[in-house]
Amino acid sequence: MFYVYLIKSSEGFHYTGQTENIQKRLSEHNAGISHVTKHGSNWKVIHLEIFSSRKEAMQREKWFKSGVGREWIKNNVTEWDK
């Protein structure tokens, strides 16, 4: 299984990513190991989707990072702007 996830820090920063092990990846974000999320703390998953292949997960992650995907997130993930 592969996961596409949206996370948010206690400071209000956002990050979109994909992984095969969501628990390990979230721990890495919270430990400051990931360069792009080291500025935030207390990262929490606010949206999670599951795929059977990495290819599908990567396509969805790319879509989330597009203009249409970001608009979908704003309209469908309530924790994104809170």
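T19 lies in strand β2, and this residue is buried, with a relative accessible area of 10%. The model is a predicted one. Its three strands form an open antiparallel sheet in the order β2-β1-β3, and helix α1 (residues 22-31) packs on that sheet.

**T19 and strand β2**

- The bridge partner of Y3 in β2 is T19.
- Strand β2 is mostly covered, with five of its six residues buried.

**The sheet**

- Strands of a sheet pair through backbone hydrogen bonds, in either a parallel or an antiparallel sense.
- In this model, the pairing within the sheet β2-β1-β3 is antiparallel.
- The edge strands are β2 and β3, each of which pairs on one side only.
- On average, neighbouring strands of this sheet are turned by 15° against each other, direction ignored.
- Helix α1 touches β1, β2 and β3, and its direction makes about 30° with that of β1.
- β1 and β2 form a hairpin with five residues between them.
- Within the turn of this hairpin, G12 has a positive phi of about 100°.

- Which residues of helix α2 (residues 54-64) are buried? They are A57, E61 and F64.
- These residues lie on the same side of α2, because they cover an arc of only 60° around the axis.
- The face turned away from this buried side carries the exposed residues K55 and K62.
- The elements against which the buried residues of α2 pack are β1 (2-8), β2 (14-19), β3 (44-51) and α3 (67-76).

**R70 in helix α3**

- R70 is found in helix α3 and is partly exposed, with a relative accessible area of 46%.
- A polar atom of the R70 side chain lies 2.5 Å from the backbone oxygen of K65.
- When residues up to four places away in sequence are not counted, R70 touches F64 and K65; F64 is also one of the buried residues of α2.

**Nonpolar cores**

- In soluble globular proteins, nonpolar side chains tend to be buried together.
- The largest nonpolar core of this model has nine residues, namely F2, V4, L6, F51, A57, F64, I73, V77 and W80.
- β1 and α2 each supply at least two residues of this core, and the largest share, three residues, comes from β1.
- W80, a member of this core, is in contact with L6, K8, H14, T16, I46, I73 and K74, leaving aside its neighbours within four places in sequence.
- A second, separate core has seven residues, including Y3, I7, Y15 and W43.

**V77 after helix α3**

- V77 lies in the segment after α3.
- Is V77 buried or exposed? V77 counts as buried, at 4% relative accessibility, and it belongs to the largest nonpolar core.
- Leaving aside neighbours within four places in sequence, the contacts of V77 are L6, I46, H47 and W72.
- L6 and I46 are in contact with V77 and are also among the contacts of W80.
- V77 and W63 are 14 residues apart in sequence, and their C-alpha atoms are 15 Å apart in space.

**N42 and its backbone**

- N42 is placed in the loop between α1 and β3.
- This residue has a positive phi of about 55°, although it is not a glycine.
- N42 counts as partly exposed, at 42% relative accessibility.

Key: Residues numbered from 1 in each chain as written. Predicted model: local features only at pLDDT ≥ 70, side-chain atom pairs only at ≥ 80, totals over all residues. Heavy atoms only, no water. Buried < 20%, exposed > 50% of the residue type's maximum accessible area, 1.4 Å probe, protein only. Helix = DSSP H or I, 4+ residues; strand = E, 2+ residues; numbered from the N terminus. Arc of directions from axis to C-beta. Contact = heavy atoms within 4.5 Å. Polar contact = N/O pair within 3.5 Å; in protein donor to acceptor, adjacent residues only side chain to side chain. Pairing = 2+ DSSP bridges. Axes fitted to C-alpha atoms, helices over the stretch in contact; angles between N-to-C directions. Core = buried A, V, L, I, M, F, W, Y, C linked by side-chain atoms within 4.5 Å.
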